[in-house]
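Trainee: I am new to this one. Could we go through its cross-links step by step?

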Amino acid sequence: MATTTPNAEINPTSETSPRPEAASETAGSDGNALIIHPQALHYGWFRRWRGAIIAGSFAVLITPFASLGSWFLPAESPIDPTNYALRTKRILETTPLIDGHNDFPWLLRVELHNRIYDGRFNPKQRLLGHTDISRMRQGMMGGQFWSVHVKCDAAQKHFEDPSWIVRDTLEQIDVAKRFIAESPEVFTYCETPSCARAAFKNGRIASMLGIEGGHQLGGSIAAVRQAYDLGVRYITTTHNCDNAWATSASTVARGNPDEGLTKLGAAYVREMNRLGMMIDLSHVSHQTMRDVLSITQTPVIFSHSGAYSITPHLRNVPDDVLRSVRRNGGIVMAVFVNRFLNMKDPSSVTIHDVVDHIWHLAEVAGWEHVGIGSDFSGTPFTPSGLEDVSKYPDLIELLMARGATDDQIRLLVGDNILRVWESIERRAREIQALGEKPVEEEWEGRKWHKGYRNSPYMYRETHERAVREDWGQPDQFNVDKSGKHGAVVKAENDL
């Protein structure tokens, strides 16, 4: 800032130039006029803006030369639209192909008893069955939802009957994570869609976990929360048995009524929405599908299902439900199970039947709502031409031959499931921001453990009930004055 001295002149060569408004402020002062030469104003604005002027001029000068660089970069040559193999290759190099359902961890349980470190198991070698690393690479896979499945317990006639299923499910989560971790150069364990995208960019196969059946969590919504904390990102609401939440398709197939979602099932849906866990409606009855879609606040998925209008198997999705999925923003991931593709003659099923189902799903629900969910390593029989995980590119090529565009294929193979997953996460954040608490509802017929007669209860009414109903004491032993233990006085007899 310039200082003013009476009758002083500003030297045109001075490095300090006054603001233009300073001249008008001092021009009328008696005997103290500040004289400003025109040259000072001329050079002052240049000094102020010369950095910007030089930078702008330099940018203008180099722009033509910078654009020359693009002339020397190799450009992708146009593709013959009928060259389906090359079109497929380019798509799968830039868009992750994510399969919604593979039961490989179940094979680790039944064949290896979850022991994968003893030298017998090597997924990099060619294995029998549908899945190994070399064939996953051949199939250009970008992601896989691994099912941590445990079968329905035939001895469990009611939700309250004792079972080891929850323990077994925890073991399946454990072995799936250990299997993924054993090949870090191939797999990246992911719990978010952003992780799945990053894994694909780094040349890895994103690996996520899904539980195939609410029976695996004992009908407990608290167990749902714990599964989420362990990294599970979808739950198939039922498997081939009913549970505390809903009716399964298998129950209806046996001639039983379709009672749809239970009261506790509605609470399960609310908690899944709040958590940001994907609700999977494969395996559920048709009424359960409709009930869930009528109340859910987030998109749903069908991790491995077909089109009921093509094959009227109860495991497949009716057209009215497909239209609801479209409105809901969800996704139906096309299954490769022979009997779901052609229930009249499963042995005749080919890859073309899968194309038919995908095409119908896309026509009714829209290409934005269809994906791929093979059920590899779970189903015993697969379509001719889709024998294992190496065959995905062949399926894509046939869809292109049918008329699918590259944009539609990108949606099908991975963009749709990632968008749905992101939408579910986003809605969960909104629900949580509103302060919604975790769901505490339980099965109405559930029995609870009792305490003991003399436990230090918080409330008087509990103590009075314990005395009135004689809730007993923990195991006790007679101990005489010398410290010698005698027989049990009263054994604990609780639930």
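Mentor: Start with a term. Buried means under 20% relative accessible area, exposed means over 50%, and partly exposed is in between. Keep in mind that this is a predicted model.

Trainee: Is Cys190 buried or exposed?
Mentor: The cut-off for buried is under 20%. Cys190 has a relative accessible area of 0%. That value falls under the cut-off, so Cys190 is buried.

Trainee: Which cysteine is joined to Cys190?
Mentor: A disulfide is a covalent bond between the sulfur atoms of two cysteines. For Cys190, the S to S distance to the partner is 2.1 Å. The link is left-handed, with -70° about the S-S bond. The partner is Cys195.

Trainee: Is Cys195 buried, partly exposed or exposed?
Mentor: Its relative accessible area is 21%. Buried would need a value under 20%, and exposed a value over 50%. Cys195 therefore counts as partly exposed.

Trainee: How many disulfides does a search of the whole structure find?
Mentor: One joins Cys190 to Cys195. Another joins Cys152 to Cys241, with S to S at 2.1 Å. The search of the whole structure finds two.

Trainee: How many residues apart are Cys152 and Cys241?
Mentor: Cys152 sits in the loop between strand 2 (143–147) and helix 6 (165–181). Cys241 sits in the loop between strand 5 (232–236) and helix 9 (249–253). The pair links distant parts of the chain, and the separation is 89 residues.

Trainee: What is the angle about the S-S bond of Cys152 and Cys241?
Mentor: The link of Cys152 and Cys241 is left-handed. The angle about its S-S bond is -80°.

Trainee: What is the pairing of the bonded cysteines, numbered in sequence order?
Mentor: Cys152 is joined to Cys241. Cys190 is joined to Cys195. In sequence order, the pairing is 1-4, 2-3.

Trainee: Now the charged side chains. Which residue meets Arg87 in a salt bridge?
Mentor: Arg87 lies in helix 3 (residues 84–94), and its partner lies in helix 16 (residues 406–433). They are 319 residues apart. The N to O distance is 2.7 Å, and the partner is Asp406.

Trainee: Is Arg87 buried or exposed?
Mentor: Asp406, its partner, is partly exposed at 27%. Arg87 has a relative accessible area of 11%. The cut-off is under 20%, so Arg87 is buried.

Trainee: Which helices are tied together by Asp356 and Arg402?
Mentor: Their side chains meet in a salt bridge at 2.8 Å, N to O. The residues are 46 apart in sequence. Asp356 is partly exposed at 31%, and Arg402 is partly exposed at 37%. The pair ties together helix 14 (residues 351–365) and helix 15 (residues 392–402).

Trainee: What is the relative accessible area of Asp470?
Mentor: Asp470 meets Arg453 in a salt bridge at 3.5 Å, N to O. Arg453 is partly exposed at 30%. Asp470 is also partly exposed, with a relative accessible area of 44%.

Trainee: How many salt bridges does the structure hold?
Mentor: Among them are Arg87 with Asp406 and Asp356 with Arg402. The structure holds 23.

Technical notes
Residues numbered from 1 in each chain as written. Predicted model: local features only at pLDDT ≥ 70, side-chain atom pairs only at ≥ 80, totals over all residues. Heavy atoms only, no water. Disulfide = S-S within 2.5 Å. Helix = DSSP H or I, 4+ residues; strand = E, 2+ residues; numbered from the N terminus. Buried < 20%, exposed > 50% of the residue type's maximum accessible area, 1.4 Å probe, protein only. Salt bridge = Lys/Arg side-chain N within 4 Å of Asp/Glu carboxyl O.
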